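This report goes through one protein model, from its pockets to its core.

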Amino acid sequence: MFIADTHSDTLFNLARGMKIDEVDITPARLHEGGVTLQTFALWSGPKGPGGDYAGIAEKEYAARQQFIDAGIPQVDDPSEAVDGKPHFLLSLEGCEVFQDGIEKVAFWRERGIRMGAPVWNNENALATPAKKNATDGLTDYGVKVINEMQRCGMAVDVSHLNERGFYDLFMKGSRPPMASHSCCRALCDHFRNLTDDQIRLMIQYGGFIGVNFYPAFLSESKEADTVTLAQHIDHICQLGGAEIVGFGSDFDGIERYPDDLRHPGQMENLLNALRNFGYSEDAIEKIAGQNLLDYFARIK
(Lines give C-alpha, C1' and ligand atoms only; values in the text may rest on other atoms or scores of the structure.)
Protein backbone atom coordinates (compact mmCIF):
# COMPACT_ATOMS: atom_id res chain seq x y z
CA MET A 1 0.00 0.00 0.00
CA PHE A 2 1.25 3.49 -0.92
CA ILE A 3 1.23 5.43 2.37
CA ALA A 4 2.00 9.15 2.30
CA ASP A 5 2.37 11.77 5.03
CA THR A 6 2.23 15.41 3.92
CA HIS A 7 3.85 17.17 6.89
CA SER A 8 6.56 16.78 9.51
CA ASP A 9 9.16 19.02 11.22
CA THR A 10 11.90 16.40 11.39
CA LEU A 11 14.51 18.44 9.51
CA PHE A 12 14.21 21.32 11.98
CA ASN A 13 14.99 18.96 14.85
CA LEU A 14 17.98 17.55 12.98
CA ALA A 15 19.17 21.06 12.13
CA ARG A 16 19.17 22.03 15.79
CA GLY A 17 21.32 19.05 16.75
CA MET A 18 19.10 16.05 17.38
CA LYS A 19 20.33 12.74 16.01
CA ILE A 20 18.48 10.81 13.34
CA ASP A 21 17.62 8.03 15.81
CA GLU A 22 16.21 10.53 18.36
CA VAL A 23 13.47 12.14 16.26
CA ASP A 24 9.90 10.91 15.76
CA ILE A 25 10.54 9.96 12.14
CA THR A 26 13.51 7.63 11.75
CA PRO A 27 14.47 5.50 8.75
CA ALA A 28 13.66 2.37 10.74
CA ARG A 29 10.18 3.63 11.66
CA LEU A 30 9.41 4.59 8.05
CA HIS A 31 10.22 1.01 7.03
CA GLU A 32 8.29 -0.43 9.99
CA GLY A 33 5.16 1.58 9.19
CA GLY A 34 5.33 0.92 5.45
CA VAL A 35 5.48 4.65 4.67
CA THR A 36 6.18 5.18 0.97
CA LEU A 37 6.39 8.98 0.93
CA GLN A 38 7.27 11.19 3.87
CA THR A 39 7.16 14.97 3.49
CA PHE A 40 9.82 16.94 5.37
CA ALA A 41 9.17 20.65 5.88
CA LEU A 42 11.74 23.41 5.99
CA TRP A 43 10.34 25.52 8.84
CA SER A 44 11.41 29.08 9.55
CA GLY A 45 9.64 29.28 12.87
CA PRO A 46 9.43 32.29 15.19
CA LYS A 47 12.54 33.86 13.65
CA GLY A 48 10.83 33.86 10.27
CA PRO A 49 10.12 37.40 9.09
CA GLY A 50 12.72 39.23 11.19
CA GLY A 51 15.38 36.62 11.77
CA ASP A 52 17.76 34.39 9.88
CA TYR A 53 15.06 32.53 7.95
CA ALA A 54 17.37 31.81 5.01
CA GLY A 55 20.02 30.37 7.31
CA ILE A 56 17.46 28.19 9.11
CA ALA A 57 16.13 26.87 5.80
CA GLU A 58 19.64 26.10 4.55
CA LYS A 59 20.48 24.13 7.71
CA GLU A 60 17.30 22.09 7.34
CA TYR A 61 17.97 21.53 3.64
CA ALA A 62 21.45 20.25 4.50
CA ALA A 63 20.00 17.98 7.20
CA ARG A 64 18.01 16.05 4.59
CA GLN A 65 21.31 14.43 3.60
CA GLN A 66 21.12 12.30 6.74
CA PHE A 67 18.10 10.49 5.32
CA ILE A 68 19.71 10.15 1.91
CA ASP A 69 22.78 8.62 3.57
CA ALA A 70 20.45 6.23 5.42
CA GLY A 71 19.02 4.98 2.12
CA ILE A 72 15.87 7.13 2.02
CA PRO A 73 15.96 8.96 -1.36
CA GLN A 74 14.48 12.35 -2.15
CA VAL A 75 11.92 12.53 -4.96
CA ASP A 76 10.78 15.54 -6.93
CA ASP A 77 7.23 14.27 -7.44
CA PRO A 78 5.09 11.82 -5.45
CA SER A 79 4.71 9.67 -8.58
CA GLU A 80 8.46 8.91 -8.44
CA ALA A 81 8.10 7.08 -5.12
CA VAL A 82 8.04 3.31 -5.53
CA ASP A 83 5.69 1.44 -3.22
CA GLY A 84 7.48 -0.82 -0.76
CA LYS A 85 10.35 1.56 -0.04
CA PRO A 86 10.42 4.88 1.87
CA HIS A 87 11.16 8.14 0.03
CA PHE A 88 10.87 11.79 1.01
CA LEU A 89 9.54 15.00 -0.52
CA LEU A 90 10.34 18.57 0.59
CA SER A 91 8.02 21.41 1.56
CA LEU A 92 8.22 24.87 3.12
CA GLU A 93 6.32 25.89 6.26
CA GLY A 94 6.34 29.68 6.25
CA CYS A 95 7.60 31.05 2.94
CA GLU A 96 9.83 33.78 4.36
CA VAL A 97 12.57 32.65 1.96
CA PHE A 98 10.43 34.12 -0.83
CA GLN A 99 10.51 37.57 0.77
CA ASP A 100 13.94 38.14 -0.79
CA GLY A 101 12.51 38.21 -4.31
CA ILE A 102 10.04 36.41 -6.55
CA GLU A 103 12.95 34.59 -8.24
CA LYS A 104 13.47 32.63 -5.00
CA VAL A 105 10.37 30.57 -5.83
CA ALA A 106 12.07 28.99 -8.86
CA PHE A 107 15.33 28.66 -6.89
CA TRP A 108 13.68 26.54 -4.19
CA ARG A 109 11.55 24.65 -6.68
CA GLU A 110 14.73 23.54 -8.43
CA ARG A 111 15.95 22.16 -5.10
CA GLY A 112 12.91 19.94 -4.82
CA ILE A 113 10.34 21.99 -2.89
CA ARG A 114 6.89 20.81 -4.07
CA MET A 115 4.58 22.51 -1.57
CA GLY A 116 4.72 25.66 0.52
CA ALA A 117 2.63 27.25 3.28
CA PRO A 118 2.83 31.03 2.75
CA VAL A 119 2.74 31.63 6.49
CA TRP A 120 3.27 29.85 9.82
CA ASN A 121 2.04 31.37 13.11
CA ASN A 122 3.85 34.68 12.53
CA GLU A 123 2.71 37.33 10.05
CA ASN A 124 5.08 37.88 7.13
CA ALA A 125 5.28 39.76 3.83
CA LEU A 126 2.94 37.26 2.15
CA ALA A 127 0.04 36.64 4.50
CA THR A 128 -1.54 36.67 7.95
CA PRO A 129 -1.81 33.48 10.02
CA ALA A 130 -5.01 32.07 11.47
CA LYS A 131 -3.45 32.55 14.90
CA LYS A 132 -3.60 36.36 14.50
CA ASN A 133 -7.01 36.95 12.89
CA ALA A 134 -9.43 35.69 10.25
CA THR A 135 -9.84 38.90 8.29
CA ASP A 136 -6.54 40.04 6.73
CA GLY A 137 -6.00 38.41 3.35
CA LEU A 138 -2.96 37.75 1.22
CA THR A 139 -0.80 40.79 0.59
CA ASP A 140 -0.29 42.01 -2.96
CA TYR A 141 3.17 40.47 -2.86
CA GLY A 142 1.69 37.27 -1.44
CA VAL A 143 -0.64 37.00 -4.44
CA LYS A 144 2.34 37.33 -6.78
CA VAL A 145 4.21 34.64 -4.85
CA ILE A 146 1.38 32.11 -4.82
CA ASN A 147 0.84 32.53 -8.55
CA GLU A 148 4.55 32.01 -9.18
CA MET A 149 4.49 28.94 -6.91
CA GLN A 150 1.60 27.49 -8.89
CA ARG A 151 3.27 28.34 -12.19
CA CYS A 152 6.33 26.39 -11.04
CA GLY A 153 4.22 23.36 -10.02
CA MET A 154 4.43 24.03 -6.30
CA ALA A 155 1.29 23.33 -4.24
CA VAL A 156 0.12 26.20 -2.02
CA ASP A 157 -0.57 24.95 1.50
CA VAL A 158 -3.39 26.60 3.48
CA SER A 159 -2.46 25.11 6.86
CA HIS A 160 -1.81 28.08 9.22
CA LEU A 161 -3.32 30.55 6.72
CA ASN A 162 -6.32 32.53 7.99
CA GLU A 163 -9.82 32.30 6.48
CA ARG A 164 -9.57 35.44 4.35
CA GLY A 165 -6.25 34.26 2.91
CA PHE A 166 -7.79 30.84 2.25
CA TYR A 167 -10.56 32.34 0.14
CA ASP A 168 -8.08 34.67 -1.59
CA LEU A 169 -6.32 31.58 -2.95
CA PHE A 170 -9.46 30.48 -4.75
CA MET A 171 -10.20 33.94 -6.13
CA LYS A 172 -6.66 34.96 -7.07
CA GLY A 173 -4.79 31.70 -7.65
CA SER A 174 -4.76 29.32 -10.61
CA ARG A 175 -4.59 25.85 -9.02
CA PRO A 176 -6.44 24.13 -6.16
CA PRO A 177 -4.53 24.46 -2.89
CA MET A 178 -3.83 21.81 -0.27
CA ALA A 179 -3.91 21.67 3.52
CA SER A 180 -0.90 19.58 4.48
CA HIS A 181 -1.80 19.22 8.18
CA SER A 182 -5.27 20.43 9.19
CA CYS A 183 -8.32 18.99 10.95
CA CYS A 184 -12.09 19.68 11.06
CA ARG A 185 -13.45 22.61 13.05
CA ALA A 186 -16.87 20.97 13.27
CA LEU A 187 -15.31 18.28 15.48
CA CYS A 188 -12.82 20.48 17.35
CA ASP A 189 -13.32 24.25 17.46
CA HIS A 190 -9.73 25.40 17.00
CA PHE A 191 -8.62 28.31 14.80
CA ARG A 192 -6.18 26.03 12.99
CA ASN A 193 -8.94 23.74 11.79
CA LEU A 194 -10.97 24.00 8.58
CA THR A 195 -14.67 24.84 8.59
CA ASP A 196 -17.11 22.67 6.66
CA ASP A 197 -17.48 25.46 4.09
CA GLN A 198 -13.71 25.49 3.56
CA ILE A 199 -13.65 21.70 3.24
CA ARG A 200 -16.49 21.78 0.70
CA LEU A 201 -14.58 24.33 -1.37
CA MET A 202 -11.49 22.11 -1.30
CA ILE A 203 -13.67 19.23 -2.49
CA GLN A 204 -15.32 21.32 -5.22
CA TYR A 205 -12.01 22.45 -6.70
CA GLY A 206 -10.04 19.22 -6.20
CA GLY A 207 -7.68 20.25 -3.42
CA PHE A 208 -6.17 17.97 -0.79
CA ILE A 209 -6.42 17.76 3.02
CA GLY A 210 -3.86 15.88 5.11
CA VAL A 211 -5.45 15.35 8.54
CA ASN A 212 -3.20 16.41 11.43
CA PHE A 213 -2.40 13.93 14.23
CA TYR A 214 -2.09 16.58 16.97
CA PRO A 215 -4.59 15.84 19.81
CA ALA A 216 -5.21 19.56 20.45
CA PHE A 217 -6.61 19.84 16.90
CA LEU A 218 -8.49 16.54 17.09
CA SER A 219 -10.35 16.90 20.37
CA GLU A 220 -11.28 19.76 22.68
CA SER A 221 -10.21 17.52 25.56
CA LYS A 222 -6.75 17.40 23.94
CA GLU A 223 -6.88 13.61 24.25
CA ALA A 224 -6.99 11.46 21.12
CA ASP A 225 -6.32 8.09 19.60
CA THR A 226 -6.59 6.67 16.09
CA VAL A 227 -10.39 6.46 16.49
CA THR A 228 -10.49 10.24 17.01
CA LEU A 229 -8.25 10.70 13.99
CA ALA A 230 -10.46 8.41 11.90
CA GLN A 231 -13.48 10.52 12.93
CA HIS A 232 -11.93 13.59 11.31
CA ILE A 233 -11.10 11.63 8.16
CA ASP A 234 -14.62 10.23 8.12
CA HIS A 235 -16.13 13.71 8.57
CA ILE A 236 -14.34 14.92 5.44
CA CYS A 237 -15.49 11.81 3.58
CA GLN A 238 -19.09 12.37 4.72
CA LEU A 239 -18.92 15.88 3.24
CA GLY A 240 -17.92 14.30 -0.09
CA GLY A 241 -14.15 14.38 0.32
CA ALA A 242 -13.26 10.69 0.09
CA GLU A 243 -10.99 11.46 -2.87
CA ILE A 244 -9.17 14.47 -1.39
CA VAL A 245 -8.31 13.38 2.17
CA GLY A 246 -5.10 11.85 3.49
CA PHE A 247 -2.58 11.96 6.33
CA GLY A 248 -0.57 14.98 7.56
CA SER A 249 0.98 13.82 10.82
CA ASP A 250 2.95 16.87 12.06
CA PHE A 251 5.40 14.42 13.67
CA ASP A 252 8.42 16.15 15.20
CA GLY A 253 6.35 19.32 15.47
CA ILE A 254 3.97 18.18 18.21
CA GLU A 255 4.55 17.45 21.88
CA ARG A 256 1.49 15.20 22.35
CA TYR A 257 0.36 12.28 20.21
CA PRO A 258 -2.64 10.02 19.66
CA ASP A 259 -2.40 7.29 22.30
CA ASP A 260 -1.74 4.55 19.75
CA LEU A 261 0.10 6.54 17.08
CA ARG A 262 3.34 7.87 18.53
CA HIS A 263 5.47 7.56 15.37
CA PRO A 264 5.21 6.36 11.74
CA GLY A 265 6.07 2.81 12.71
CA GLN A 266 2.53 2.57 14.15
CA MET A 267 0.65 3.64 11.01
CA GLU A 268 -1.08 0.27 10.82
CA ASN A 269 -3.11 1.29 13.89
CA LEU A 270 -4.64 4.14 11.88
CA LEU A 271 -5.38 1.88 8.93
CA ASN A 272 -7.09 -0.54 11.30
CA ALA A 273 -9.15 2.29 12.81
CA LEU A 274 -10.42 3.13 9.31
CA ARG A 275 -11.21 -0.55 8.72
CA ASN A 276 -13.22 -0.55 11.94
CA PHE A 277 -15.17 2.44 10.59
CA GLY A 278 -16.20 0.22 7.69
CA TYR A 279 -13.86 1.55 5.02
CA SER A 280 -12.94 -0.91 2.29
CA GLU A 281 -9.34 -1.67 1.36
CA ASP A 282 -9.81 0.30 -1.88
CA ALA A 283 -11.08 3.32 0.06
CA ILE A 284 -8.21 3.07 2.55
CA GLU A 285 -5.66 2.89 -0.26
CA LYS A 286 -7.03 6.17 -1.61
CA ILE A 287 -6.87 7.85 1.79
CA ALA A 288 -3.44 6.45 2.61
CA GLY A 289 -1.73 7.77 -0.51
CA GLN A 290 -3.54 7.55 -3.83
CA ASN A 291 -5.45 10.78 -3.20
CA LEU A 292 -2.17 12.65 -2.84
CA LEU A 293 -0.84 11.15 -6.08
CA ASP A 294 -4.04 12.22 -7.84
CA TYR A 295 -3.82 15.74 -6.39
CA PHE A 296 -0.33 16.31 -7.72
CA ALA A 297 -1.41 15.03 -11.10
CA ARG A 298 -4.19 17.67 -11.07
CA ILE A 299 -1.89 20.63 -10.35
CA LYS A 300 0.71 19.93 -13.06
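## Basis

The model is predicted, so local features need pLDDT of at least 70 and side-chain atom pairs count only at pLDDT 80 or more, while totals for chains, interfaces and linings use all residues. Residues are numbered from 1 along each chain as its sequence is written, and side-chain values use heavy atoms, with hydrogens and water left out.

## Pockets

A pocket is an open set of points on a 1 Å grid over the protein atoms alone, where a 1.4 Å probe fits, with protein on both sides within 12 Å along at least five of seven lines; its lining residues have an atom within 4 Å of a point. Grid points are joined across faces, edges and corners, and the volume is the space filled by probe spheres set on the points. The largest pocket holds about 300 Å³. Its lining has 20 residues, and Trp120, Asn121, His160, Asp250 and Gly253 lie nearest its centre. By class the lining comprises 7 nonpolar, 6 polar and 7 charged residues. Here Ala, Val, Leu, Ile, Met, Phe, Trp, Tyr, Cys and Pro count as nonpolar, Asp, Glu, Lys and Arg as charged, and the others, Gly among them, as polar.

The second largest pocket has a volume of about 160 Å³. Of the 13 residues that line this pocket, Phe12, Arg16, Lys47, Ile56 and Lys59 lie nearest its centre. Its lining divides into 5 nonpolar, 3 polar and 5 charged residues. At least two lining residues come from each of α1 (10-15) and α3 (53-63), and α3 gives the largest share, 4 residues. Helices (H or I, at least four residues) and strands (E, at least two) are DSSP runs numbered from the N terminus.

In β2 (residues 37-43), 7 of 7 residues are buried, meaning under 20% relative accessible area with a 1.4 Å probe and protein chains only. Leu37, Thr39, Ala41 and Trp43 point one way, and Gln38, Phe40 and Leu42 point the other. Strand β2 runs parallel to β1 (residues 4-5), joined by 2 bridges, and Asp5 has Gln38 as its bridge partner. With β3 (residues 87-93), strand β2 pairs in the parallel sense over 7 bridges; Phe40 stands opposite Leu90 of β3. Pairing requires at least two DSSP bridges between the strands.

The buried residues of α3 are Tyr53, Gly55, Ile56, Ala57, Glu60, Tyr61 and Ala63. They pack against α1, β2, α4 (65-69), β3 and α5 (103-110).

## Nonpolar cores

A nonpolar core is a set of buried Ala, Val, Leu, Ile, Met, Phe, Trp, Tyr and Cys residues joined through side-chain atoms within 4.5 Å. The largest has 76 residues, of which Phe98, Met149, Ile233 and Phe247 touch the most other members. Beyond its neighbours within four places in sequence, Met149 is in contact (heavy atoms within 4.5 Å) with Cys95, Phe98, Val105, Gly116, Met154, Ala155 and Val156. A second, separate core of 15 residues includes Leu89, Met178, Leu293 and Phe296.

## Two loop residues

Most residues other than glycine have a negative phi. Asp250 has a positive phi, near 70 degrees, and lies in the loop between β8 (245-247) and α11 (267-276). Asp250 counts as buried because its relative accessibility is 7%.

Asp252 is in the loop between β8 and α11, and its phi is also positive, near 70 degrees. Its relative accessibility is 10%, so Asp252 counts as buried.

Methods. Buried means under 20% relative accessible area, exposed over 50%, partly exposed in between (1.4 Å probe, protein chains only).
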